[in-house]
Amino acid sequence: GARAKRKITTAKIRSGSSVPAGLTAAEYQKIRDGEDKKKKANYDRNVKKAGVFEDYTEFYLKRGTDKNQKWKKSATLGHRMAKTKYDFDQVANDGKKYDGGYKR
């Protein structure tokens with residue numbers, strides 16, 4: 001990406017800089033450096049995803065559009081569904097079947 005070519009960083013803490021109460025200048029600079037690293041890692045992660053596309057013909061072949069029109073009568077109309085943590089058939093029982101690491 002274009003941002004990688006530029007030297008964009010958060011300014012260093014100096015004598016006239018504002019530092020939050022309860023922190024030293026060194027502690028605050030360490031926090032800001034950590035935030036910069038997170039921003040860079042997130043940007044790099046998103047740059048890797050750029051330009052990655054699914055082949056449209058492959059999508060049609062998986063869906064079965066090339067052979068017949070059965071996909072049009074399905075509940076999803078040919079769409080791929082995402083898994084949710086709720087079971088909407090059991091709304092009265094809180095509905096949750098999956099809750100991260102929580103086990104009943």
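Me: What share of the contacts in the protein chain with a separation of 6 or more comes from residues 24 or more positions apart?
Reply: In this predicted model, such residues account for 17% of those contacts, where contact means heavy atoms within 4.5 Å. Because the structure is a prediction, local features need pLDDT of at least 70 and side-chain atom pairs count only at pLDDT 80 or more, whereas totals for chains, interfaces and linings use all residues. Residues are numbered from 1 along each chain as its sequence is written, and side-chain values use heavy atoms, with hydrogens and water left out.

Me: Which secondary structure elements does the protein chain contain?
Reply: The protein chain has 2 helices and 0 strands, these being DSSP runs numbered from the N terminus (H or I over at least four residues for helices, E over at least two for strands).

Me: Why are Asp33 and Lys12 called a salt bridge?
Reply: The closest N and O atoms of Asp33 and Lys12 are 3.7 Å apart, and the rule asks for a side-chain nitrogen of Lys or Arg within 4 Å of a carboxyl oxygen of Asp or Glu, so the pair qualifies. The pair links distant parts of the chain, since Asp33 belongs to helix H1 (residues 25-49) while Lys12 lies in the segment before H1, 21 residues apart.

Me: How do you know whether Asp33, Asp44 and Lys40 are buried, partly exposed or exposed?
Reply: The classes rest on relative accessible area (buried under 20%, exposed over 50%, partly exposed in between; 1.4 Å probe, protein chains only). Asp33 has 28% relative accessibility and so counts as partly exposed, and Asp44, at 28%, is likewise partly exposed. Lys40, at 53%, counts as exposed. Across the protein chain, buried residues make up 12% of the 104 residues.

Me: Where is Thr9, and why does it fall into its accessibility class?
Reply: Thr9 is in the segment before H1, and because its relative accessibility is 65%, it counts as exposed.

Me: What distance separates the C-alpha atoms of Thr9 and Asp33?
Reply: These C-alpha atoms are separated by 8.9 Å, with Thr9 and Asp33 24 residues apart along the chain.
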